[in-house]
Amino acid sequence: MRVSTIQSKLKKIFIILFWISIWGIISLIINREIYLPSPYSTLKALYKLLFLQETYTTILFSSYRTVFGFILSCFLGILFGYFCGISRFLYDLFNPLINIMRTVPVMSIIIIALMWFKDTNVPIFVAFLMCFPIVWTNTVMGIKNADTKLLEMCKLYNINKFRIIKSVYFYSALPYIKAGMISALGIGWKVTSAAEVLSLPKYSIGRFLYDSKVYLEIPDLFAWTIIIVMLSFMFEKFLKTIFKLGGYDD
Amino acid sequence: MIELKNISKNFDDLQLLKDFNIGFKKNEISCLFGPSGVGKTTIANIVAKLVSVESGSISGIENSLYSYVFQEPRLLEWYSVYDNIDFVLKDLYDLKERKKIISSYIDMVELREYKDYKPKTLSGGMAQRVSLARAFAYPSDILIMDEPFKGLDMKLKQEMILSFQKLWQESNRTVIFITHDIDEAILLSDTIFIIKNRPAEIIKTINKQTYSNFDDIKKILLTY
């Protein structure tokens with residue numbers, strides 16, 4: 001058991017090193033930091049950022065925006081998804097709106113949001129609009145996939161409607177909701193950063209991404225990108241841990 | 001007496017029942033015996049009000065409570081054995097009373113050590129026994145069992161049959177029992193309806209009391 005975990009760790013390290021060296025080789029061939037910075041200069045930029053207090057404030061504020069938009073979309077997505085899953089009429093009513101939300105380009109939403117909101121709220125709103133359809137769709141799908149045989153059993157034993165929702169629909173939809181939430185969180189990070197680039201709130205990763213473009217500090221761009229990826233990864237891990245602790249796991 | 005009169009039921013183009021009549025005596029075990037697909041489950045589901053009919057009338061089920069042992073256990077996988085039974089009793093009794101009822105029925109199907117287990121960790125036979133305990137724990141007037149022993153091996157089947165007999169002796173409910181197994185039919189039922197054809201017809205009604213020898217019944221059933 002121990003030997004195999006060490007082996008799998010070594011394998012992971014090898015895979016990471018492999019891709020970093022590919023990146024290094026390509027950057028050597030191109031040999032222009034402005035097109036593709038080397039792993040070394042990226043790491044140097046990252047290292048420098050780690051010692052700036054502003055970095056942490058920025059991470060905190062960007063995380064707040066992502067998480068706020070994410071939670072809002074989960075709360076409303078699950079709530080509306082539930083009712084739309086149970087009622088055919090509500091589903092037909094909401095489905096066109098959700099479809100539009102799903103297909104509208106992020107940029108259009110960001111630009112219109114810039115008209116409506118204060119800079120710091122734009123990313124939250126955009127993250128919400130992007131994540132909500134995912135959570136909604138998964139919730140609806142989960143509810144609709146509730147086992148008709150179990151529902152028949154409930155009908156036979158005269159189980160009241162509220163308890164059917166709580167004990168059958170909720171648990172049937174749970175795996176779908178969890179999957180939806182995990183993909184929504186990942187998209188939340190991407191969209192929040194994009195919206196920040198255009199709305200430029202004072203403390204935001206997006207502002208740094210924008211600045212690195214303006215000042216042509218491409219290693220900084222790469223360093224911040226790595227930070228976003230790491231954050232997204234950490235939050236996903238955290239969410240999965242919460243799900244695991246939540247008990248019922250399929 | 002529960003009576004179905006002139007019942008007709010179609011599924012799409014398929015006419016399963018046409019002017020079908022049948023009567024189930026109260027507090028007896030009636031068996032619907034016949035090949036698969038003949039409409040036995042549909043007849044039981046009409047009694048249980050799970051399916052609607054095109055025409056005909058049903059009497060003797062006013063204000064009845066039902067319980068049902070389905071072909072599959074139909075348990076909530078996210079709940080323990082105990083909570084699965086609790087689930088159907090919650091609207092009827094308070095907590096203290098439920099505890100008493102549930103543990104007595106869990107004991108009767110010999111699953112005491114497993115009461116906190118989730119259905120997925122149980123064998124098929126054990127899960128079906130939970131479904132049986134749930135059906136009996138619920139204070140029903142009418143109990144329907146749709147091939148409850150299907151897919152169980154000999155030993156489990158015997159266990160289930162023993163559990164059933166023990167539970168039934170506690171409270172004689174009106175039981176509608178569906179099977180196409182001759183031995184089960186003879187062993188458990190008071191009245192056997194042999195059902196065949198499409199639309200379904202009762203070919204013969206056997207009242208067990210009128211026969212002194214089980215082998216005679218078996219001979220009759222074997223000819224169908």
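This tour moves through the structure selection by selection, stating at each stop what is found there.

The structure is a predicted model, in which local features need pLDDT of at least 70 and side-chain atom pairs count only at pLDDT 80 or more, while totals for chains, interfaces and linings use all residues. Residues are numbered from 1 along each chain as its sequence is written, and chains are lettered from A and ligands numbered from 1 in the order in which they are written.

**Stop 1**

Select chain A. Its division is into domain 1 (1–31) and domain 2 (37–245); such bounds come from an automatic or database domain assignment. The C-alpha centres of these two domains of chain A are 30 Å apart.

Next, display both chains. Chain A gives 15 residues to the contact, and chain B gives 15 residues; two residues are in contact if their C-beta atoms, placed from the backbone, lie within 7 Å. On the side of chain A that touches chain B, helix H7 (148–156) and helix H8 (161–199) of chain A each give two or more residues. Helices (H or I, at least four residues) and strands (E, at least two) are DSSP runs, numbered from the N terminus. H7(A) supplies the largest share of that side, 6 residues.

**Stop 2: strand E7 of chain B**

Select residues 174–179 of chain B, which form strand E7. Is this strand enclosed or open to the outside? It is largely enclosed by the rest of the structure, because 6 of its 6 residues are buried. A residue is buried if 20 or more other C-beta atoms lie within 10 Å of its own, exposed if 12 or fewer, and partly exposed in between, with C-beta atoms placed from the backbone. Both faces of E7(B) are covered: B:Thr174, B:Ile176 and B:Ile178 lie on one side, and B:Val175, B:Phe177 and B:Thr179 on the other.

Two strands pair if DSSP finds at least two bridges between them. B:Leu143 has B:Val175 as its bridge partner in E7(B). Strand E3 (residues 29–33) of chain B is likewise parallel to E7(B), with 5 bridges, and B:Cys31 stands opposite B:Phe177.

Within E3(B), select B:Ile29. This residue is buried, because 23 other C-beta atoms lie within 10 Å. Its contacts beyond four places in sequence include B:Val175, B:Phe177 and B:Leu188. B:Ile29 and B:Leu143 are 114 residues apart in sequence, yet 9.2 Å apart in space, C-alpha to C-alpha.

**Stop 3: the open sheet of chain B**

Select strands E2, E1 and E4 of chain B, which make an open sheet of 3 strands in that order, with antiparallel pairing. Its edge strands are E2 (14–24) and E4 (55–59), each pairing on one side only. E1 (residues 2–11) and E4(B) are joined by 4 bridges, and B:Ser8 has B:Ser55 as its bridge partner.

**Stop 4: backbone details**

Select B:Asn6 in strand E1 of chain B. Although not a glycine, B:Asn6 has a positive phi of about 50°. B:Asp12, in the loop between E1 and E2 of chain B, also has a positive phi, of about 55°.

Finally, select B:Arg198 and B:Pro199, which are joined by a cis peptide bond with omega of about -10°. B:Pro199 lies in the loop between strand E8 (191–196) and strand E9 (201–207) of chain B.
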